[in-house]
Number of protein chains: 2
Amino acid sequence: MQRILSTELAAHPHEKVLVEGWVHRIRRLKSVSFLILRDAAGLAQVVLHEPGGIQEESVVSVVATVTPNPQAPGGVELTAPEVRVRSAVDVPLPFELHRPALTASLPTQLDHAALALRHPARRAGLAVAAAVTAGFRKALEAQRFVEIHTPKIVESATESGADVFELDYFGRPAYLAQSPQFYKQMMVGVFERVFEVGPVFRAENSDTARHLTQYTSLDAEMGFVADHRDVMAALTRTIAGMFGEVAGRTGLAVPEVPAEIPAVRFAEALRIAGAPDDEPDLAPAHERALGEWARREHGSEFLFVTGYPMRKRPFYTHPDPADPAYSNGFDLLFRGLEIVTGGQRLHRYEDYVAALSAAGEPLAAYRGYLDTFRYGMPPHGGWAIGLERLVARLTGVANVREVTAFPRDPHRIAP
Amino acid sequence: MQRILSTELAAHPHEKVLVEGWVHRIRRLKSVSFLILRDAAGLAQVVLHEPGGIQEESVVSVVATVTPNPQAPGGVELTAPEVRVRSAVDVPLPFELHRPALTASLPTQLDHAALALRHPARRAGLAVAAAVTAGFRKALEAQRFVEIHTPKIVESATESGADVFELDYFGRPAYLAQSPQFYKQMMVGVFERVFEVGPVFRAENSDTARHLTQYTSLDAEMGFVADHRDVMAALTRTIAGMFGEVAGRTGLAVPEVPAEIPAVRFAEALRIAGAPDDEPDLAPAHERALGEWARREHGSEFLFVTGYPMRKRPFYTHPDPADPAYSNGFDLLFRGLEIVTGGQRLHRYEDYVAALSAAGEPLAAYRGYLDTFRYGMPPHGGWAIGLERLVARLTGVANVREVTAFPRDPHRIAP
């Protein structure tokens, strides 16, 4: 007999069917018991007269009759079942999965990720992440971007040397890439517009609710831009596409993405957040204040911050031609959290040589990268979105670890 | 003026347009010169009377009139141009890009990847790779698979300890994941069917035309299978979808994927390849012989090899219930090269404990993974496709490095 899914039961009233899945819950009442079966699509109620010793999370195959019952979830239940246990659970579970929320502490959930992720709420967060990445790719392909795959093992600890993981590469040191930045710029020379969805690694020893040592970066880079505003416009279209995909695939209520997301310059952002004029960057509290301001003043869950001082942005950032102490870089805040960093990049070889020399960086470490600009590059820019941060904000969880299947932080490297 | 692409020129006869791109070639003739401009879409011919000193690969903006000319590529050329150089190249190029094939040696190409990848042939290989991954995801989503992202930094050097990269994780050793195998199995407990497109790392010190130390693995895993044949059927549908996407997006002629790919058991494969009965595995020459046999006998570019001895497959492989010395694992050969490994996996906790104990592996190193099976798992299986190998075979190049943007091998870690 061909298996059907729990959500297909209502289309088969009075038929004998096969369903398969996990025992989500056993409810033992006086005269009858209910086995709630969970499969990829949802839940189904099986009426049992003799449940035996079957434990929750066991995997079962159930042949039974679909019987309409307005009280049952989905309007049907499965009666007169033959239950075959495919994998029996014979140890106590560390926590229950059938309550609306997991009651175990987050560390306990993470220790038992294989089990915790089966909870519908945890699972839903990962389904949103899958929809976000699908929407990202779809929106970018519609704008002529081409997918690339770039090295995660690199020769030099460039960009911000301190926070890289070092590894043993056949007896010599190598490093895990902190971002595909250099590679995506190089690939602008090939495809003009490129994107990558992949892991990035940060050896930052900070155990916060918004940092991971490995996270998924949604990177894009595009050539032939006038300046960073073309990049911001492409990003806005992309986020609208991503949110549309999330709504369509998961049913999650997503906020509207304005056709033009409001933007403030960094100096103005400091004033709005009530921060001192000489603050070098936005602290989390400032970001939250800006998020509230954007909602109140513009009815927007999004806010661009532009015009950061050059000294706070990486060496490849393009200065504002009208005021070169400030940059053509931007951040995008979503609900008071920075989820995207981007900007226009330098594109002339001599500008790179000057910027690296000013930063005291050895040119030799950037050889392959600098080749790109020596051999002709158009004005270009791009961005990187932190997947886990975006999904956490979108689903309303407090900690990025709740929407990451197997998070990595300074104290966690398993499972 | 809004930029248009080279491929759009023919739709604008006699109009003044803006095109932008790289100087692919300058042809200086006696009375006239031609600037061949290359953009993301293709090539355009610009007629120049005074080309000046402009060098190839410089980036230019050209405002000119679209003039029909049956001799020109695409049936039009750009006349009366105003050429603005956006980024001037002022050094000699290490090799020319405008010949049908790159004449530089592969190492020279790889040293100058930022330039070499701009060559239409190298670029086409990467466009095929992008179509392959898009097709993979599309085919799997149509079969209810959900995308996942899993850790690339792992605690234990499991699976085949010798070939892993070790890194310094805040003062303790950690390793780069050789595959998402354990994680995708764990996620079968969450979504039933999952896939991941991501980097995997092999510290194998072998400098061959088909090995890389980082490659892109197209992984899938599915629950509630009868045995490995359900996995092979899903894989066959997926490959057909991938090849369809390649043909549709790139125009590459792809071979037909049979509705049922021919399959031979390992022992029979050895006989066909003329290998001794006691050969433990298929050598490259055997794979080539099998590829020729499949084409000759079945008219198929594909061949499944099943029934490998258990001792040659990883510990999580499910044995053939009818003959437990042999496995429910399979390889898929494409044009005489193994591009996929897969199979049915063990799904019962006690089978894992027995298999790991028999292999002399410490159970503690597999704790989080074993949890999965202790808490109920259905029969399941999956596969891993090596992206670069598949694309190399599909495009007919001899070395996987020719279809990898920035390959990594024991002697190459830059650019």
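**Notes on a helix pair and two annotated residues**

1. Let's start in chain B of this predicted model. Here B:Phe182, B:Gln185 and B:Met186 of helix α4(B) meet B:Gly368, B:Tyr369, B:Thr372 and B:Phe373 of helix α9(B).

2. As for the geometry of that pair, α4 (residues 181-191) and α9 (residues 367-374) of chain B have axes 10 Å apart and pack at an angle of about 30°. Angles under 35 degrees count as roughly parallel, so α4(B) is roughly parallel to α9(B). The crossing of α4(B) past α9(B) is left-handed.

3. Now over to chain A. The unreviewed UniProt entry lists A:Glu159, A:Arg202, A:Thr341 and A:Arg345 under "binding site". Two of these are taken up below.

4. A:Arg202 lies in the chain A loop that joins β10 (193-201) and β11 (214-223). Its relative accessibility is 26%, so A:Arg202 counts as partly exposed. Setting aside neighbours within four places in sequence, A:Arg202 is in contact with A:Asp163, A:Phe165, A:Gln178, A:Ser179, A:Leu212, A:Thr213 and A:Tyr215.

5. A:Thr341, by contrast, sits in a strand, β17 (residues 337-345) of chain A. With a relative accessible area of 35%, A:Thr341 is partly exposed.

6. Which residues does A:Thr341 touch, not counting those up to four places away in sequence? They are A:Arg313, A:Phe330, A:Asp331, A:Gly382, A:Trp383 and A:Ala384. One of them, A:Asp331, is worth a look on your screen: its side chain makes a polar contact with the side chain of A:Thr341, at 3.2 Å.

Key. Residues are numbered from 1 along each chain as its sequence is written. Chains are lettered from A and ligands numbered from 1 in the order in which they are written. This is a predicted model: local features need pLDDT of at least 70, side-chain atom pairs count only at pLDDT 80 or more; totals for chains, interfaces and linings use all residues. Side-chain values use heavy atoms; hydrogens and water are left out. UniProt positions are given in the numbering used here, feature names are shortened, and annotations may be inferred rather than shown by experiment. Helices (H or I, at least four residues) and strands (E, at least two) are DSSP runs, numbered from the N terminus. Buried means under 20% relative accessible area, exposed over 50%, partly exposed in between (1.4 Å probe, protein chains only). Contact means heavy atoms within 4.5 Å. A polar contact is a pair of N or O atoms within 3.5 Å; within protein, one must be able to donate a hydrogen and the other to accept it, and residues adjacent in sequence count only if both atoms are side-chain atoms. Axes are lines fitted to C-alpha atoms, for helices over the stretch in contact, and angles run from 0 to 180 degrees between N-to-C directions. Angles under 35 degrees count as roughly parallel, over 145 as roughly antiparallel, 65 to 115 as roughly perpendicular and the rest as oblique. A crossing is left-handed if the near helix is turned anticlockwise from the far one by less than a right angle, and right-handed if clockwise.
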